[in-house]
Number of protein chains: 2
Amino acid sequence: MTDSPIDPTLLERLAEVSVRTGLNLQPGQELVLTAPVTALPLVRAITRAAYAAGASLVTPLLTDSEVTLARFETAGDETFDLAPGWLYSGMAEAFDRGAARMAIVGEDPMLLSEQDPAKVSRVGKATSTAYKPALEKISTFEINWTICAWPGESWAARMFPDLPTGDAQAKLADAIFSASRVNTDDPVAAWDEHNATLRARTRWLNEQRFSALHFRSPGTDLTVGLADDHEWHGGASEAQNGVVCNPNIPTEEVFTTPHAQRVDGTVCSTKPLSHQGSLIDGIEVTFKDGRIVEAKADKGGDILRELIATDEGAARLGEVALVPHSSPISQSGLLFYNTLFDENAACHIALGQCYSKCFLDGASLTAEQIAEKGGNSSLIHVDWMIGGAETDIDGITADGTRVPVFRAGEWA
Amino acid sequence: MTDSPIDPTLLERLAEVSVRTGLNLQPGQELVLTAPVTALPLVRAITRAAYAAGASLVTPLLTDSEVTLARFETAGDETFDLAPGWLYSGMAEAFDRGAARMAIVGEDPMLLSEQDPAKVSRVGKATSTAYKPALEKISTFEINWTICAWPGESWAARMFPDLPTGDAQAKLADAIFSASRVNTDDPVAAWDEHNATLRARTRWLNEQRFSALHFRSPGTDLTVGLADDHEWHGGASEAQNGVVCNPNIPTEEVFTTPHAQRVDGTVCSTKPLSHQGSLIDGIEVTFKDGRIVEAKADKGGDILRELIATDEGAARLGEVALVPHSSPISQSGLLFYNTLFDENAACHIALGQCYSKCFLDGASLTAEQIAEKGGNSSLIHVDWMIGGAETDIDGITADGTRVPVFRAGEWA
């Protein structure tokens with residue numbers, strides 16, 4: 001670490017916050033940790049922090065971008081519908097036995113941009129299908145989980161292409177540390193305060209019981225019906241195992257479940273979406289009765305349409321989230337090409353799978369009950385940004401009353 | 001790789017030999033690859049070679065020595081009987097579906113030497129127990145598998161403590177490349193020739209049908225009964241899936257299954273044994289009716305006795321192997337502190353589990369039938385060296401006739 005442009009003290013704090021606030025790892029709990037191999041310094045710090053917090057066993061699963069690229073560049077065409085299902089079923093078994101789950105992101109977000117989009121899409125679909133049994137335990141919040149970020153060199157180079165490697169990495173590290181609230185003396189207290197603010201927002205929204213949200217901004221006129229018995233969440237959240245965790249480090253959003261059959265109008269993206277290593281930019285999509293009926297993009301339109309065609313639910317919404325334009329990540333002016341950050345810079349919607357916890361008593365609902373209430377289901381869950389400085393949002397109640405929610409990108 | 005002391009051409013050849021000769025990976029076959037994270041350059045080269053050979057999917061599982069140490073240094077005492085069973089059952093599932101298995105060794109062999117031996121032993125036992133379902137598919141040769149080596153920095157530093165890091169790593173790399181026969185223009189042809197030599201030895205031994213081997217050397221007077229219907233193996237070997245592979249790169253040994261109830265006498269080790277990161281040296285063990293009745297060591301005696309106490313079969317033999325003193329690895333004069341190399345420098349025996357393939361029609365035998373013929377079973381399989389320049393071995397036939405097998409360390 002001597003030559004690293006990353007402050008080791010702040011890295012230790014990020015590990016600590018990820019384990020204590022993000023995961024709230026319980027004494028005796030096992031931890032399954034996925035990370036790019038370049039994130040090894042953070043993996044090691046998190047492992048130490050997790051054992052110090054009483055972890056029974058920490059198992060990192062490390063991936064390597066060159067190994068990933070070797071597949072796309074060398075493997076036979078007939079092999080791209082395969083995923084390591086045995087590994088994912090192992091992970092599902094670990095979650096069944098009570099393991100917590102942490103993911104570190106930090107890979108080059110454009111890793112696969114030079115590869116054949118059809119192969120990328122086939123691998124994505126095979127992976128989603130194989131990973132589903134494990135992912136369900138995360139999306140239904142059976143266990144406590146969190147995602148945090150490592151300032152990977154190649155990610156930093158994408159964000160700051162004009163800077164030398166070390167400077168770019170230092171700049172990304174600063175942005176991550178700042179957004180993750182570890183550049184303060186007492187990060188855990190900072191997170192407590194932040195969680196209280198988000199809780200006040202969700203409480204107000206839950207009291208309003210809006211039937212729909214109406215988004216207006218240049219190019220966008222979209223009415224997003226909300227699912228019956230939807231519940232707003234944000235910040236700290238209680239998993240079904242009783243552990244209160246922060247699933248995203250950082251996070252600025254409050255979010256809930258749209259009604260899969262009641263979304264109408266046109267919406268434009270306000271930031272590029274980096275999906276499986278490719279960039280999709282300038283998205284314009286029209287919904288009718290909840291389903292996308294027209295989709296185009298200035299860049300990556302084919303990938304967008306492949307994504308939407310993954311399955312029936314991929315053309316419908318699974319999440320709507322509100323983030324003020326004044327959010328620290330938005331104010332940084334940086335485009336991270338990574339959902340964990342970019343979704344916290346703007347209001348956004350997600351295609352695909354909904355979160356069952358975003359319903360009243362969500363944990364007790366069956367998949368059929370969730371569908372009846374308007375909850376969407378899909379192999380995918382892909383967020384993209386639709387909010388900006390000019391975004392107005394009205395809440396519409398069951399009797400048609402309109403309540404200002406956002407004006408000019410800020411809470412009204 | 002620009003600053004690496006490891007010749008990239010020879011590294012590519014080692015990857016090629018490991019995939020083609022070691023594994024004989026079949027088109028469409030999946031590969032599960034375990035390696036220390038420091039071996040990433042070899043992992044990447046093997047991944048490329050495997051996809052070029054037609055692999056359907058390559059999944060590396062990388063381990064990190066600092067993550068391992070963090071556990072021993074930080075985790076609570078009550079956690080050391082735990083292993084990631086979910087990961088091993090995933091691996092077993094992959095093998096069931098036809099995946100091949102490659103392991104890269106290269107870690108500091110004395111990694112755990114400063115840790116509490118009781119904790120090391122508990123983790124070893126928990127890991128063996130959890131890994132058993134997957135390991136059985138390897139020890140019974142259901143699938144093609146191989147082990148090869150990466151010249152890890154800390155391993156090199158153990159072997160050459162007086163050299164600068166780069167020089168030590170270069171020297172270990174040379175030793176690995178040479179022993180693995182990749183320092184020739186046509187490594188695959190060199191392996192074909194080597195396999196033919198080993199096949200001639202096993203053919204002769206199988207024709208002799210010895211009932212026992214009698215080892216004599218300074219401090220050693222040991223009669224090792226051979227299992228009923230035992231079969232000698234060495235070099236290339238046909239797995240039950242029909243694939244002929246070389247399970248060890250390098251290999252110099254021919255080996256078979258001793259009779260678990262017919263081993264008598266005293267035997268001394270001729271090289272130190274590095275076991276789970278600790279060194280056991282100057283072993284002296286006495287067998288009676290196949291079982292160890294006395295065990296001591298100049299160094300690591302406690303670890304030896306913990307090992308023997310793992311289960312009933314851990315005090316009995318599962319393998320006996322013959323290696324001439326003139327073997328290239330022996331002649332290098334190097335102590336590798338690693339079984340993959342050191343076992344190819346000297347005749348050796350292994351405590352614990354036997355290989356079912358070392359029986360006539362081994363694949364068709366049940367565990368009970370193997371036990372009836374004298375095959376041992378155990379959670380462990382630990383080799384240690386008993387041969388040297390003064391080793392004499394007689395083969396003893398069923399009628400008591402003695403046939404010279406080794407004289408002064410060489411084939412008679």
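I count two strands as paired if DSSP finds at least two bridges between them. With that in hand I opened the model, which is a predicted one.

**Entry 1. Strand E17 of chain B**

I began with E17(B) and strand E18 of chain B, residues 381-385. The two pair in the antiparallel sense over five bridges. I looked up one pair in detail: Leu351(B) has Val382(B) in E18(B) as its bridge partner.

Next I took strand E16 of chain B, residues 317-322. It also pairs with E17(B) in the antiparallel sense, here over four bridges. Ala321(B) stands opposite His348(B) in E17(B).

How many residues of E17(B) are buried? Five of the five are, so the strand, residues 348-352, is largely enclosed by the rest of the structure.

**Entry 2**

I turned to chain A and its strands E15 (348-352) and E16 (381-385). E15(A) and E16(A) pair in the antiparallel sense over five bridges. In E16(A), Val382(A) is the bridge partner of Leu351(A). I checked burial here too: four of the five residues of E16(A) are buried, and the strand is mostly covered.

**Entry 2. Helix H9 of chain A**

I then listed the buried residues of H9(A), which spans 301-308. They are Gly301(A), Ile303(A), Leu304(A), Leu307(A) and Ile308(A). Why do they fall on the same side of H9(A)? They cover an arc of only 160° around the axis, which puts them there.

What covers them? I noted several elements of chain A, including helix H5 (117-139) and strands E11 (273-275), E12 (278-288) and E13 (291-299). E15(A) and E16(A) from the previous entry are also among them.

**Entry 3. The eight-stranded sheet of chain B**

I traced an open sheet of eight strands in chain B. Its order is E15-E14-E11-E6-E5-E19-E20-E21, with antiparallel pairing. Strand E15 (291-296) and strand E21 (410-411) of chain B are the edge strands, and each pairs on one side only.

Inside the sheet I picked E6(B), residues 220-226, and E11(B), residues 258-268. Five bridges join them in the antiparallel sense. Val224(B) stands opposite Val263(B) in E11(B).

Two helices of chain B lie across strands of this sheet. Helix H9 (residues 301-308) lies across strand E14 (284-288) and E15 of chain B, running at about 165° to E15(B). Helix H8 (residues 187-208) lies across strand E20 (402-407) and E21 of chain B, at about 155° to E20(B).

**Entry 4. Arg201 of chain B**

I stayed with H8(B), where Arg201(B) has its place. Its relative accessibility is 35%, so Arg201(B) counts as partly exposed. What does Arg201(B) contact, leaving aside its neighbours within four places in sequence? I found Val254(B) and Trp411(B). I also took one distance: the C-alpha atoms of Arg201(B) and Thr220(B) are separated by 24 Å, with the two residues 19 apart along the chain.

E1(A), residues 30-36, is joined to E2(A) by seven bridges, and the two run parallel. Glu30(A) stands opposite Leu57(A) in E2(A).

Last, I superposed the chains. A rotation of 180° with 0.0 Å of shift along its axis brings chain A onto chain B, at an RMSD of 0.0 Å. The two copies are therefore related as by a two-fold rotation axis. The same surface serves both: 100% of the contact residues of chain A recur in chain B. Which residue of chain A comes closest to the rotation axis? Gly90(A) does, with its C-alpha at 2.4 Å.

For the interface I counted 37 residues of chain A in contact with 37 residues of chain B. The chains bury about 3,200 Å² between them, 69% of it on carbon and sulfur atoms. Tyr51(A), Val67(A) and Trp86(A) supply 23% of the area that chain A buries against chain B, more than any other three residues.

Key
Residues are numbered from 1 along each chain as its sequence is written. Chains are lettered from A and ligands numbered from 1 in the order in which they are written. This is a predicted model: local features need pLDDT of at least 70, side-chain atom pairs count only at pLDDT 80 or more; totals for chains, interfaces and linings use all residues. Side-chain values use heavy atoms; hydrogens and water are left out. Buried means under 20% relative accessible area, exposed over 50%, partly exposed in between (1.4 Å probe, protein chains only). The arc is that of the directions from the helix axis to the C-beta atoms. Contact means heavy atoms within 4.5 Å. Axes are lines fitted to C-alpha atoms, for helices over the stretch in contact, and angles run from 0 to 180 degrees between N-to-C directions. Copies are superposed by least squares on the C-alpha atoms of residues with pLDDT of at least 70 in both. Buried area is the accessible area (1.4 Å probe) that two parts lose on being put together, summed over both.
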